[in-house]
Amino acid sequence: MEMNQYMSMFIDESNDHLQALNENMLRLEQTPEDIGIVQVIFRSAHTLKGMSATMGFEDLASLTHEMENVLDLVRNEKLSMNGHIFDTLFKCLDALEAMVQDVINGGTGKGDVDDLVQRLKAIVKGDVGGDASISSDADQDLPASLILDQYQMSILGQSIEAGHLAYYIEVKVRDDCLLKAARAYMVFDVLERNGEVVKSYPSVQEIEQEQFDRSFSVYYITQTPGETLQDQLSRVSEIESVTMNAVDKASLEEMEKARGASDQKAAVKETAAAAAPAIPNAPAAPAAPAADKPAARTAPAAASSGGAAPRTIRVDIERLDSLMNLFSEMLIDRVRLEQLASEIRRNDLSETVEHMARVSADLQNIVLKLRMVPVESVFNRFPRMVRDLAKSLDKKVDLVIVGAETELDRTVIDEIGDPLVHLIRNSVDHGVESIADRVGAGKSETGTVVLRAFHSGNHVFIEIEDDGKGINRPKVLETAIKRGVVTPEDAKKLSDDEINMLLFAPGFSTADVVSDISGRGVGLDVVKSKITSLGGNVTVQSEPGSGTKFSIQLPLTLSIIAAMLIKLGSEKYAFPLSSIVETGALKRTDIRTLHGNRMVDYRQSIIPVISLAELVESPDYRDDEETETEMLVIRKGDKLAAILVDEFIGQSEIVLKPLGKYLSGHRSVVSGATILGDGQVALIVDPNTIIK
Amino acid sequence: MAEEMKVIVFTLAHEEYGIEVDKVRTIERMVPITRVPKTPAFVKGVINLRGVVIPVIDLRGRFGLVESEYTENSRIIIVAANDLEVGFIVDSANDVIDVMSDAIENPPEVVGGIKAKYISGVAKISESRLLILLHLAEVLNRSEIIQLEQFGD
């Protein structure tokens, strides 16, 4: 079968399921008693197993299969979760992730899972790391997964009493068997002609879907003697072995004892009446392959998507890109049409253009939203990471996520993960102190790392704030001098913030002992260069003793923004409207000079005055020739500044275009460009670079 | 075996230069250029090429030749290489010719005042006609721009 076309679907869905598994495992760790969560985890694992088996990723399938066995016990309350099981399951998730990653990278998805499989099997067998709560197995070496419920138990009991023969049969299919399900069906066929299957493991549906390894087992009631049956079963081709164990009253009783006695008595009485009519009905349950199949197929799918799953489709990001490009071309034409309509002054033309403008504004909203993804999709892997980190460092750390719903362009989302991982690791490793140190400093034992995302102006900010010991600035300086990052003379002149920024210098690490978590010294400068390449910026604030805050500023790339267009001599510039506080006029005489800086009174405060003409080195406009100039008040955070311009053109929706790679990395006041209605390129001024 | 190579021919200060045809996207007449502040002098700014903003550099300036007024014949050659798209302003561009690979010789140290590192070879078209083939990767090398910018700071 041609699998390639399903590969991307497999990868996407596997990632979704792995993410769901991780999240739910973390939730379960908080509330280990909640069987509802176990059900959800079980369904995810089950779906993942089915998908991997279908795609032929054996190792993935076998590992999920074993996980499922453990979870099955948990969800049937035969096993209660403990630290050992959690750790093992988390390790399994890591292994699964590694294998899926291998598949994504074009590998075969193979991984060494034997060790984990053994550990899971041990858990199923009852070795749960000390505090065992699993029921001990019955006589024979029955797999715990094949535990009978009271109802099936009573059927067996009554059949034996009535003189029927009961068997526990284990069938092994040959290794090279191609149609396992078909062979299994033939086995069931033989069995059903001779008696009744009480219980099978895996379930009949799973066997039909080939969701079993090489063997399956059944509890079986018959009147045919064992040898005859064995003979008939062995004749089915490609069957390696058939093991039959007779189940007698004694072994049944032992099994019953194993399953807690309290509810047992009542149940036996209850089911005794039901048992008789139930036996004739039993054959309906197993193998009716054709009819059952669709139902069985849809069940896991429906279950995995959950009740209130959003209805979504997956779209290739390139299609969205081309949609965006086409739309931005149309937007340029729209602006052009609006200009023409205002020149031609014909009512019906103006009305049509106006209507088109309204429709395209709606369309624009939709197109833009298509590309936006909540940062949640990056953030949701961090709780797990922080948990593991804190555990391995023997610290207590709470991760608080704020603003996970903040939306960011997909391309930025894809790139921002690694830098964030690094910064969070850094905060947990270097920021938050050990428990003893925290108590000594009069803080709570548990450190807090806040991961915060929010929109501000034309940017999205992501902050990572810890309440740890803060940056040890003298030590940073000492190291920086030792490593030759700064000279001792320069070091004396550095401000606190500048010292903090030394952390981002290439080849810098302050950790005394280099741990495997962070502190390889290659980290933070890589973070900085990555964020810079995304058109963003990273800063750090730190208060000794009370914590450190890393702040990442990211652009909302590839989007359409509302902007104020202004003229400066022969040139046109655009300012993002989001950063403009006010527009107004300013008399030359109102500008005062303080310490060599030009300032102006603005609403009871004094703000700096900046000449755009000087900033962009305008070839044909100088504002000191004017007695009164137009002024834009812009804002970055809580800082304001007045920008002197020549003339306002007006507000417009503009399409952000990159300046071209050749000029990227170019440090300037210009953040991008846009194409105006007349086809000319206007540059977009980045207010964030103006206000330092 | 000599291979044939198609080359776009353009002129710069009375010399003939060539760029392989598969590196050239289009050749445009002069259009209004928007100046980008704080860039090296040879970066003339950006143009709108059918909805895409593309940086334009003056090839004379890039090679340290004297820049001249643009004329009717001036052209912008849009090249794509190293993942970059850049427009080159040249004096004129009007020919596509075939060059045999065995007619290409290694560049001498200095050709027409241009440093050898920008040149991948010199093709002899006829007895009296030489064509200087550009080494695009070097011409588009941004490290020099970055140095220039830092110098400007």
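Residues are numbered from 1 along each chain as its sequence is written, and chains are lettered from A in the order in which they are written. Because the model is predicted, local features need pLDDT of at least 70 and side-chain atom pairs count only at pLDDT 80 or more, while totals for chains, interfaces and linings use all residues.

**Exercise 1. Determine which stretches of chain A have pLDDT under 50.**

Step 1. pLDDT is the predictor's confidence in each residue, from 0 to 100. Its mean for chain A is 76, and 83% of the residues of chain A reach 70 or more.

Step 2. Residues 130–145 of chain A stay under 50, with 37 contacts beyond four places in sequence in the model. Two residues are in contact if their C-beta atoms, placed from the backbone, lie within 7 Å.

Step 3. Residues 261–307 of chain A are also below 50, and the model gives this stretch 46 contacts beyond near neighbours in sequence.

Step 4. Where pLDDT is low, the predicted coordinates should not be read in detail.

**Exercise 2. Describe how helix 13 and helix 14 of chain A pack.**

Step 1. Helices (H or I, at least four residues) and strands (E, at least two) are DSSP runs, numbered from the N terminus. Helix 13 of chain A covers residues 317–344, and helix 14 of chain A covers residues 347–371.

Step 2. Their axes lie 10 Å apart, at an angle of about 160°. Axes are lines fitted to C-alpha atoms, for helices over the stretch in contact, and angles run from 0 to 180 degrees between N-to-C directions.

Step 3. Helix 13 and helix 14 of chain A are therefore roughly antiparallel, a term for angles over 145 degrees.

Step 4. The residues of this contact comprise 16 nonpolar, 3 polar and 3 charged. Ala, Val, Leu, Ile, Met, Phe, Trp, Tyr, Cys and Pro count as nonpolar, Asp, Glu, Lys and Arg as charged, and the others, Gly among them, as polar.

**Exercise 3. Describe how helix 2 and helix 3 of chain A pack.**

Step 1. The axes of helix 2 (residues 35–55) and helix 3 (residues 58–75) of chain A come within 9 Å and cross at roughly 160°.

Step 2. Helix 2 and helix 3 of chain A are therefore roughly antiparallel to each other.

Step 3. Contributors from helix 2 of chain A include Ile35(A) and Phe42(A), and those from helix 3 of chain A include Leu60(A) and Leu71(A). By class, this contact has 12 nonpolar, 5 polar and 4 charged residues.

**Exercise 4. Characterise chain B and the side of chain B that touches chain A.**

Step 1. Chain B has 3 helices and 13 strands. Of its 153 residues, 33% count as buried, that is, with 20 or more other C-beta atoms within 10 Å of their own; 12 or fewer make a residue exposed, and numbers in between make it partly exposed.

Step 2. In chain B, 22 residues are in contact with 26 residues of chain A. Strand 4, strand 5 (52–58), strand 7 (84–90) and helix 3 (143–152) of chain B each give two or more residues to this side. Its classes are 12 nonpolar, 4 polar and 6 charged.

**Exercise 5. State whether His595(A) is buried or exposed.**

Step 1. His595(A) lies in the loop between strand 15 (592–594) and strand 16 (597–602) of chain A. Although not a glycine, His595(A) has a positive phi of about 55°.

Step 2. His595(A) counts as exposed because it has 5 C-beta neighbours inside 10 Å.

Terms used:
Parallel < 35°, antiparallel > 145°, perpendicular 65-115°, else oblique.
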